[in-house]
Amino acid sequence: MTKRRLWMATAAGWAVAVAGAAQAQQPAQVEEVVVTGSRLAGGDRVAPVETVNRTVLAAAGVGDAGQLTRLVTANSGSEAQVDQLNQPQSSGTAQFNLRNLGLGSTLVLVDGQRWTSSAVVATDGAAFVDINALVPLIALERIEVVKDGASAVYGSDAVAGVVNFITRTAVDHPELSARYAFADGSDETLVQGLGGWTLLGGDLTVAASRFHRSALSTDERDFAQAQTYGRAPWTAVTSYGQPGSYYRPSRRAYSPDPSCGDPAFQSAYLNSATDAFCRLDYSDFFDLAPEETRTQVFADYRRPVGDMRLSLQAAGSASSTTARQTPSLPILARSLSVPASHPDNPFGEDVLFRGRLLGAEAGASKAQFDYRTWRVAAGLDGDFSGGWRWSLAATASRQHVAYDKPDVIGSALQNALNGLGGPGCDPATGTPGVGACRYFNPFGSAYLGTGAPNSAALIDSLIGSAGLRGAASLTTADASTSGQALGWDGGSVDLAMGLQFRRSAFRHDWNDLVNRGDLLTAGYSPDFDGDQQALAAYAEARLHLGDRIEAQLAGRYEAYDGEGRFNPKAAVRWEVVDALALRASWGQGYRAPSVYAQSGAQAAQPSVLDRGAFVFVNTLTSGDPELKPEKSESLTFGAQWRPLDGLELSLDAWRFDYRDQVVKESAQAVINQAAADDLAGRTGTDAQSRLTRSASGALTFVQLYFINASSIETQGVDLSARYGRDLWGGRASAAADWTYVDRYDIRLNASADAVSGVGSTNLNNIGRSLPRNRGELVLDWRDGRQALTGLVHYTAGYANDRSGITDASIASQTTIDLLYTRSLGTDIDLTLGAVNIADKAPPLAQFAFGYDPVVADPRGRVISLGFTKRF
């Protein structure tokens with residue numbers, strides 16, 4: 001019923017806009033003050049707010065929103081680049097991760113209003129807002145980032161802060177722009193348009209964009225090749241090859257396929273003449289940047305209606321991402337046997353097959369991700385007598401995902417190994433190898449021609465797809481009022497109050513093969529459908545005590561499905577002298593476990609170290625309805641100093657204490673604990689019971705759960721500087737931001753010792769890669785006819801905590817971007833840009849492809865040419 005009423009309110013808003021056209025004969029500019037960090041104007045004075053404007057976006061060569069994350073130094077641990085090994089279900093999405101407190105702990109807004117979560121979750125089960133699906137880049141005016149806890153103002157999702165995408169309105173001159181960029185091995189195009197018109201007495205802004213990027217494959221970069229490092233165990237190599245390896249009961253050991261050393265198999269190899277496994281070098285089969293196409297539209301309409309002001313927004317996004325992967329995935333979910341009666345079995349006994357259906361000679365297979373996102377919003381506000389303002393708003397947004405990833409059907413392959421394979425064979429009535437029933441030959445002899453070949457029809461009958469169809473949605477309704485509550489000589493109290501209702505829903509529908517666990521890599525995942533409702537009441541007071549002191553007091557009570565919590569916040573700003581101001585804030589946050597974490601289930605195949613070898617293992621993480629809410633506390637102290645005209649300096653020390661965080665258990669930690677239990681002679685332990693092994697001892701399954709991690713305590717300092725002056729007949733400016741992380745301590749449970757995650761990749765805990773220092777410098781000069789902008793990005797070195805590596809160090813990196821703009825008259829701009837102008841490769845990290853995809857950009861130098869026409 002609530003959803004129906006919200007939709008009716010939205011439709012009524014559109015009707016009011018049309019009906020009101022007769023009342024407003026002349027267009028009127030609707031003045032709006034966009035506030036981030038407060039419900040009252042001036043929030044950026046009390047809260048630490050960082051702004052990224054359009055000039056910086058252009059100079060950084062931002063073609064898709066995922067590249068924005070590297071421009072905010074307070075952000076770390078975002079999964080904004082494709083990583084099919086560790087993020088196989090969320091390719092094509094991107095998100096902010098302020099303070100590395102988790103992908104779902106940063107609230108993302110568009111013009112102050114919420115957006116639905118993505119229809120996919122990260123590998124650790126975290127839900128997030130997909131910033132790639134928001135609005136066309138040309139429609140952005142700026143991005144404002146609140147870098148302290150803001151739950152008392154915006155709600156429980158704002159534990160780590162807020163990122164507000166503020167759009168352009170009332171555009172005077174339509175614009176059309178095109179940008180072509182290329183790197184070695186890949187290119188991208190971005191075509192955008194923006195227009196503004198007067199319609200029915202109001203201002204209409206419309207924007208659209210189309211982005212396309214060709215794939216940058218791993219075989220285009222030497223640093224991603226296993227052979228560059230002598231096919232070391234930490235590189236893109238695996239013991240699950242094709243030709244494969246076979247467990248022989250008579251020897252109680254594995255033996256490689258007899259054809260493994262044949263030169264016809266260039267990517268198959270043995271570590272030594274006595275190696276038990278035929279290995280595969282899969283360096284050539286993945287993408288450093290996927291092929292991606294995205295189309296986005298956006299419309300904003302604002303007009304007066306009598307004494308009121310109406311605002312309407314609509315946005316849509318359609319994206320398609322194609323991510324390459326190995327010809328077929330490793331067989332992980334079960335052990336398959338090849339009978340002694342198989343006509344191509346060279347071992348003369350029943351053996352267990354370790355490997356994959358197809359080898360390198362078959363070429364890469366492809367996973368497809370299609371996202372469709374839409375959002376509509378309506379707002380109506382006006383003024384009471386006495387200067388108070390009221391506002392009503394409603395939004396509805398939704399994202400759909402279609403995810404198709406080829407995988408081998410376990411029952412069909414086992415039947416085919418028994419001679420009962422093929423599209424026309426009935427395993428219940430057929431005879432092995434007779435008529436339509438065929439043997440699948442898993443041995444290298446099938447490719448070499450020394451054994452029975454496998455027909456294309458037979459292979460096709462063994463391959464299925466994960467076939468995920470899912471959706472996430474959000475509906476909101478807000479009512480608020482604000483104005484001056486008290487006033488006296490030298491002071492006043494401004495007050496904002498409001499109510500908010502939200503309903504979020506999430507569902508995943510897998511195909512029948514995944515529902516019954518019949519895919520050999522994807523394993524088992526049940527379908528899932530759930531929803532959650534939240535109701536909140538909030539109030540915020542701004543106290544002005546003379547000209548020098550102002551304070552913020554905010555409180556919000558928010559209840560999720562009957563469980564609620566009150567979140568307070570207090571902040572103060574003292575202007576000591578005209579050139580110096582001090583500020584401080586304290587607040588608490590609250591976030592309920594998602595429906596997915598409470599009752600969903602997620603299959604994944606992480607790379608783990610087991611018994612001295614890296615393997616991909618099938619895992620299932622199950623929800624827990626007894627999960628506790630997450631709680632947080634934040635504290636900041638800051639100073640703003642203007643020592644001379646045009647120069648502004650600021651320093652903010654911050655601390656977050658995030659408790660009971662809902663996370664996915666680490667498969668490696670469970671494996672390590674089980675190994676320790678084995679070594680100590682213990683039996684029947686919890687960790688041991690979570691592992692499943694085949695008859696040969698190979699690890700085939702790990703059971704995991706969503707849990708409340710005890711705490712993350714992090715603290716550090718943000719520094720920023722801004723300077724501008726007239727220079728050489730134009731205007732020069734410089735802006736610098738620096739984030740230093742002093743502490744990032746993780747406790748997995750109340751009795752565990754704290755683990756420091758500062759300067760670490762954090763692969764063995766709940767964090768993500770977190771360099772201790774990050775810096776951004778922007779230098780800009782312009783005179784009206786031309787402009788030159790330079791960006792310097794710095795990331796400090798950090799350590800790789802991946803198990804089984806030989807060098808844990810990851811070096812620091814500094815890259816420079818340049819953009820030159822030349823105006824031809826008043827309506828045409830030409831641009832020439834270079835991202836990473838020195839073409840620096842990412843720092844070596846002993847990951848599968850030689851770099852850390854959470855931190856580093858693998859593209860190298862990217863040259864761009866741009867054209868903008870104003871009408």
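Biologist: What should I know before I start?

Modeller: This is a predicted model, where local features need pLDDT of at least 70, side-chain atom pairs count only at pLDDT 80 or more, and totals for chains, interfaces and linings use all residues. Residues are numbered from 1 along each chain as its sequence is written, and side-chain values use heavy atoms, with hydrogens and water left out.

Biologist: How many helices and strands does the protein have?

Modeller: Helices (H or I, at least four residues) and strands (E, at least two) are DSSP runs, numbered from the N terminus. Here there are 11 helices and 46 strands.

Biologist: Which strands form the open sheet with β11 in it?

Modeller: Two strands pair if DSSP finds at least two bridges between them. In this open sheet, four strands follow the order β12-β11-β19-β18, with antiparallel pairing. At the edges, β12 (253–256) and β18 (336–338) each pair on one side only. Between β11 (residues 245–248) and β12 there are four bridges, and Tyr246 sits opposite Ser255 in β12.

Biologist: Why does the radius of gyration agree with a compact globule?

Modeller: The radius is taken over C-alpha atoms, and the globule rule is 2.2 Å times the number of residues to the power 0.38. For 871 residues a compact globule would come out near 29 Å, and the protein has 29 Å, so the two agree. Its C-alpha trace spans about 100 × 60 × 55 Å along the principal axes.

Biologist: What share of the residues is buried?

Modeller: Buried means under 20% relative accessible area, with a 1.4 Å probe and protein chains only. Buried residues make up 58% of the 871.

Terms used
Buried < 20%, exposed > 50% of the residue type's maximum accessible area, 1.4 Å probe, protein only.
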